[in-house]
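Good morning, and thank you for coming.

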Amino acid sequence: MSKILKQYSHTKYQLIRKITYGFISIITIVGFVAIIGYFYYINNTIKNSEGYKADTGAQVTSQILKDVPLENYLKNGKDDKYTDYEKAITKVCQDFKLRYIYVYIPDLKNNEVQVVFYVSDKGPTVPNRKLGTVVNWTLSDVEKDAFLKGKHDKFLEMNNALGHTVSKFAPVYYNNKPIAIVGSDVDFSIVYKDITLNFAKVFSLMALSLFLIYAILISYIKRIVIFPITYISYKMNKFLKSGTTEIEPITINSEDEIASMADSFNEMVSKINTYIKKITDMQDETIFSLAKLAQSRDDDTGKHLERVKLYCKLLSDELSQNSVYKDEFSQERIETLMKASALHDIGKVGIPDNILLKKGRLTDEEYEIIKKHTIIGRDTLSEVHNQFGNNSFIEVGMTIAYCHHERWDGKGYPQGISGLDIPLEARIMALADVYDAISSKRVYKDAFPQEKCIQIIKEGRGTQFDPVIVDAFLAIQDKFLEARLEFEKEVSSV
């Protein structure tokens, strides 16, 4: 037996070593391919994209100045038309997100250029580049080809006092003869930003590829080497990622140290599950208490949360049995909806009392403030979710808080989404909340009788409410009435 275990251990070591070497080789190959792809992407996509903007800016400017006697401005100075051209060129520079656009009349014999226009994305004022300024400048082959032959298919990269730029050029024609050259510059920092962004994309793609490879290798190792141990890890990870509140025990059918470890693990799981349940119950009660405290500001009876919780359960139970949504429900989803329903109006804690408790009709401005409670509730729960990680209770609470005032016809708020785009839990909550609002006494109205409540819900079918959920409500309206009367009895007995 000992000999067999030693042989097994040696075999396991050899296999893991081979897999490790293979994994390192794969990393090297994938990394090399990713780097090549990265530089290929830069050369063929980013610079082409930026060059297209520069080329388009130069071409548009060339068309703006076509058949304009530019030399007259060098002789006579600026006039109203010059100013109009300068504004138009500046707009092109800004629209195409260019750094500079400049128009030179070149003197090829003396290697000089004379400035006609020189604008930047900040405006027409560029130091040392005013109208008539003579600059010692030997045109490159790219610039000469653009000026004399109209070619503009190459970049010119420059780094001078005006910054590091990548340029494209186009000629300006007067009576079909080139009289000036337009230069259009892209700030290299923008290109560098694109390079950085695309490097991050390539790196992320490489990381994702390596993760998939790693997952396949781990699956292979689990099957032939350390399945019992990874099985325990799987159970733990499933618990951590699924949002459930219970760790599943494991079953190992062997008679060795692994089986003993599994038994110890199951004993530990039993104790952890007990502690988790206590903590979960305490957490749920704490959050419910906070939600109830927030709700108490505009809840005459103090039972609003309990009522909508029950109404949501009644609707969910009916939908899970007798509707087109029945396959979407599980007992866990119903339980989560019931608990999360308490969070639907938690954002009202951020609404001032003079608006929240106002008797009578709200002004348009006040109504807009009231509507913000959906966003406040979503953002508040989002902060909680970010702090405490994966929690289906909080996630559903965020959905309900944000979307329970959306309407089936898209006329709700805050997003104005419609139909099946509205999450199912929010659609259920919308009807439950409205029913409770109209069937309960509030600071601004008396409770409506059951017949009136049913009429209002019917009228909202297909406009305010999901027709399927309205049909479910009508099928169990007697249960709603029974629950309503029971709550009214509790309130009257206090």
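Let us begin with aspartate 145, which is partly exposed because its relative accessible area is 26%; here buried means under 20% relative accessible area, exposed over 50%, and partly exposed in between, with a 1.4 Å probe and protein chains only. Before going further, please note that this is a predicted model, in which local features need pLDDT of at least 70 and side-chain atom pairs count only at pLDDT 80 or more, while totals for chains, interfaces and linings use all residues. Residues are numbered from 1 along each chain as its sequence is written, and side-chain values use heavy atoms, with hydrogens and water left out.

The side chain of aspartate 145 meets that of lysine 149 in a salt bridge, at 3.9 Å from N to O. By salt bridge I mean a side-chain nitrogen of Lys or Arg within 4 Å of a carboxyl oxygen of Asp or Glu. Both residues belong to helix H4 (residues 141-149), four residues apart, or about one turn of the helix; helices are DSSP runs of H or I with at least four residues, strands are runs of E with at least two, and both are numbered from the N terminus. Lysine 149, at 57% relative accessible area, is exposed.

How many salt bridges does the rule give? The count comes to 14.

Another of these joins aspartate 466 to arginine 427, with the closest N and O atoms 2.7 Å apart. Aspartate 466 sits in the loop between helix H14 (450-459) and helix H15 (467-475) and arginine 427 in helix H13, so the pair ties together parts 39 residues apart in sequence. Aspartate 466 is buried at 2% relative accessibility, and arginine 427 is buried at 9%.

Helix H13 (residues 424-439) gives the most to the lining, with three residues.

Finally, serine 209 lies in helix H5 (residues 188-242). Serine 209 and valine 30 are 179 residues apart in sequence, yet 8.2 Å apart in space, C-alpha to C-alpha.
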